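Trainee: I am new to this structure and would be grateful for a guided reading of it. May we begin with the metal site?

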Amino acid sequence: MKDAALLLIDIQNDFCPGGALAVAEGDQVVPVANTLMERFNLVIATQDWHPANHASFATNQPGHSVGDVIDFNGLKQILWPVHCVQGSAGAAFHPNLNTAGIHKIFTKGTDPKVDSYSGFFDNGHRVDTGLNDFLGGRGIRKVVLCGLALDYCVMYSALDAASLGYETHVVRDACRAVNLQPDDGDQAVKKMHDAGVRILFSDAI
Ligand code: VGL
Ligand code: ZN
């Protein structure tokens, strides 16, 4: 697919079983992602890449614990366990991910003061990661997303892609959800679908 790019969202150890912010079955997206990569001329990966003093870590918010929702400069922020600290083993890609097939990596969440679920913008939509310009410069009109987690970084990346005008697809079986609430993954699928994102399965690609 010439005008399409595959976006591998945050397929990192900390989001896989045994990781700091483990997503159930997170590692099961890896073989599906590796197979999908063979079908695309352009493969981009995002990496959640936080400094140790990141404000989304509950340990950096005295008096708060994981799961609390606080106000960060006017934005609602869920507090997470320390995860994906820059350069740590938890921030590395899953060891079975075919990283040789990745053409370009975009890191996000690097500003200690603001979280960034989407691969395109921070949560305040103030800072651009450069992904949109990168895709535009290569004539990409269609993006296909997979990875972790369906109800956070995959969903926010897909919603931004759709609002930026890309034909946006999410490969359901190549994603897993955090599911803080048991139906968060299903709600994410509904929200994306309502925003014009196409939800499909890997056998259709
Ligand atoms: C993510 C929570 C916090 C994700 C990143 O990659 O979905 N979720 N940071
Ligand atoms: Zn994060």
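Trainee: How is the site of the zinc ion (ligand 2) classed, given the angles among its four donor atoms?

Mentor: Please note at the outset that this is a predicted model. The angles among the four donor atoms of the zinc ion (ligand 2) run from 88 to 170°. Four donors count as tetrahedral if all angles lie between 85 and 135 degrees. With angles of 88 to 170°, the site is classed as irregular.

Trainee: Which residues coordinate the zinc ion (ligand 2), and how are they spaced in sequence?

Mentor: The zinc ion (ligand 2) is held by D48 through OD and by H50 and H83 through NE2, at 2.0 to 2.2 Å. In sequence, the spacing of these donor residues is D-x1-H-x32-H.

Trainee: Where in the chain do D48 and H83 lie, and how many residues apart are they?

Mentor: Both D48 and H83 are buried. D48 belongs to strand β2 (residues 42-48), whereas H83 sits in the loop between β4 (75-78) and β5 (104-108). The pair thus links distant parts of the chain, its members being 35 residues apart.

Trainee: Which element gives the most to the lining of the largest pocket?

Mentor: At least two lining residues come from each of β4, α3 (150-163) and α4 (184-194). With five residues, the element that gives the most is α3.

Trainee: How many residues of α3 are buried, and against what do they pack?

Mentor: The buried residues of α3 include Y152, C153 and M155. They pack against β1 (4-9), β4, β5, β6 (142-148), β7 (167-176) and α4. α3 is mostly covered, and of its 14 residues the number buried is ten.

Trainee: What is the phi of G165, which follows α3?

Mentor: G165 comes after α3 in the chain. Its phi is positive, near 100°.

Trainee: Which residues are closest to the centre of the largest cavity?

Mentor: The structure holds one cavity of 30 Å³ or more. The largest cavity contains about 110 Å³ of space, and its lining divides into nine nonpolar, three polar and three charged residues. Of the 15 residues that line it, the closest to its centre are F15, L21, Y117, Y152 and C153.

Methods: Residues are numbered from 1 along each chain as its sequence is written. Chains are lettered from A and ligands numbered from 1 in the order in which they are written. This is a predicted model: local features need pLDDT of at least 70, side-chain atom pairs count only at pLDDT 80 or more; totals for chains, interfaces and linings use all residues. Side-chain values use heavy atoms; hydrogens and water are left out. On a 1 Å grid over the protein atoms alone, a cavity is a set of points where a 1.4 Å probe fits but cannot get out, and a pocket is an open set with protein on both sides within 12 Å along at least five of seven lines; lining residues have an atom within 4 Å of a point. Grid points are joined across faces, edges and corners, and a volume is the space filled by probe spheres set on the points. Ala, Val, Leu, Ile, Met, Phe, Trp, Tyr, Cys and Pro count as nonpolar, Asp, Glu, Lys and Arg as charged, and the others, Gly among them, as polar. Donors are N, O and S atoms within 2.8 Å of the metal (3.2 Å for Na, K and Ca); water is not among the atoms, so sites may look incomplete. Four donors count as tetrahedral if all angles lie between 85 and 135 degrees; four count as square planar and six as octahedral if opposite donors are over 155 degrees apart and all others between 65 and 115; anything else is irregular. Helices (H or I, at least four residues) and strands (E, at least two) are DSSP runs, numbered from the N terminus. Buried means under 20% relative accessible area, exposed over 50%, partly exposed in between (1.4 Å probe, protein chains only). Contact means heavy atoms within 4.5 Å.
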